[in-house]
Amino acid sequence: MIYLIFLINTAIIMRDLSLHLLDVVQNSVKAKSTLVTISIEIDENGKMKVTVLDDGCGMSKEMVEQVTNPFFTTRTTREVGLGIPLLMENAKRTCGDMHIESTLGEGTKIVAEFDTKHIDALPLGNMGQTIATLCACYPTQCDFIFTYTKEEQNVHFDTREVKEVLQEVPINSHEVLVWIEQSVQEEMKEQL
Amino acid sequence: MKTLEELKAIREKTLEQVRLRKDHDGKHARIVVGMATCGIAAGARPVMMSFLEELKKRGMENVTVTQTGCVGMCTYEPMADVYLPGEEKVTYVELTPEKVNRIVVEHLANGKPVVEFSIGARQAKKDEE
């Protein structure tokens, strides 16, 4: 209990949503996903819906209930797993929520809702850096799709399209990664 | 405006370096950045991007940048291990994008680790306090 109070009082540990996404998408990759889709939708009232969908090994009903517990983790080096609890904390802070659906052998879907007009709302952050970092960390084991929709505007990024152009050049070449960061950020800036 | 044409041009440019990398398999420098929840919260993402930018600037495509999970020393994050072929690894702690520049120039390009950023130096400082 004391630990939970500590969590609530720590000035938001993750400064923005893009950092939360970098964190939780890694869970999907570790679950042996081959494709992870990150979507962000903002409606005309400023309600944001963030979805992370993977095709990894999935979780049992019992494990789904456990993952929001900060003292639950699949790691062996520590006894806390803060990624999911912190994300949920931030969603609830803006009067939103987070829920997880999962099927063993099929995959997991995390849906987090935020009110972007709420005083405690987190900024979106730099999705370009998050996508580039994911490509740097997991160049071959997984593909990523990122979509952002706000009213009529649309950002769409798919690592499979990038790899098709690159052919034998690995996606984690330094120049390619910097291009990915700048490319995604440019498209995002056009939406704001 | 970023376009797929630009990406194609990057591919052409990098193709040669990729072939060179294949020929020297196993003898590259490697940078491993901690990217678990603790690392990300402490600022590891800009540190990784900084390594990529600096290496790109110097055309050092033969240095691989990759990630690791939590190693249990969360207060020292952001951390990165630098492996030079034939050398013992050097663990850098409490990194910032500014420190990355010196590490790339002095350690990766010129083979001299930046001792003051290493875990050894940090722990010695802690003992003094």
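B:Arg102 has a relative accessible area of 30% and is partly exposed, a class that lies between buried, under 20%, and exposed, over 50% (1.4 Å probe, protein chains only). This is a predicted model, in which local features need pLDDT of at least 70 and side-chain atom pairs count only at pLDDT 80 or more, while totals for chains, interfaces and linings use all residues. Residues are numbered from 1 along each chain as its sequence is written, chains are lettered from A and ligands numbered from 1 in the order in which they are written, and side-chain values use heavy atoms, with hydrogens and water left out.

The side chain of B:Arg102 meets that of B:Glu106 in a salt bridge of 2.8 Å, N to O. A salt bridge here is a side-chain nitrogen of Lys or Arg within 4 Å of a carboxyl oxygen of Asp or Glu. B:Glu106 is also partly exposed, at 27%. Helices (H or I, at least four residues) and strands (E, at least two) are DSSP runs numbered from the N terminus.

Over all chains, the rule counts 13 salt bridges. Another one joins B:Lys89 to B:Asp81, with the closest N and O atoms 3.6 Å apart. Of this pair, B:Lys89 is partly exposed at 43% relative accessibility, whereas B:Asp81 is buried at 15%.

Strand E4 (residues 90–92) of chain B holds B:Tyr92. This tyrosine is buried, with 0% relative accessibility. Leaving aside residues up to four places away in sequence, B:Tyr92 touches a set of residues that includes B:Pro78, B:Val82, B:Ile103, B:His107 and B:Phe117; contact means heavy atoms within 4.5 Å. The side chains of B:Tyr92 and B:His107 are joined by a polar contact of 2.7 Å. A polar contact is a pair of N or O atoms within 3.5 Å; within protein, one must be able to donate a hydrogen and the other to accept it, and residues adjacent in sequence count only if both atoms are side-chain atoms.

Next comes the nonpolar core. The largest one has 84 residues, and A:Ile40, A:Phe146, A:Ile180, B:Ile31, B:Phe51 and B:Leu108 touch the most other members. Such a core is a set of buried Ala, Val, Leu, Ile, Met, Phe, Trp, Tyr and Cys residues joined through side-chain atoms within 4.5 Å. Among the residues that B:Leu108 touches, not counting those up to four places away in sequence, are B:Ile31, B:Phe51, B:Met60 and B:Leu84.

The two chains also meet directly: 34 residues of chain B are in contact with 40 residues of chain A. Together they bury about 3,600 Å², 63% of it on carbon and sulfur atoms; buried area is the accessible area (1.4 Å probe) that two parts lose on being put together, summed over both. Across this interface there are 15 residue pairs in polar contact, both residues at pLDDT 80 or more. On the side of chain B that touches chain A, H1(B) gives the most, with 10 residues.

The interface of chain B and chain A has 2 salt bridges by the rule. B:Arg11 forms a salt bridge with A:Glu168 at 2.8 Å between the closest N and O atoms. The side chain of B:Arg11 also meets that of B:Glu12 at 3.2 Å, and A:Glu168, B:Arg11 and B:Glu12 are linked in a network of salt bridges. B:Arg11 is buried at 12% relative accessibility, while B:Glu12 is exposed at 52%.
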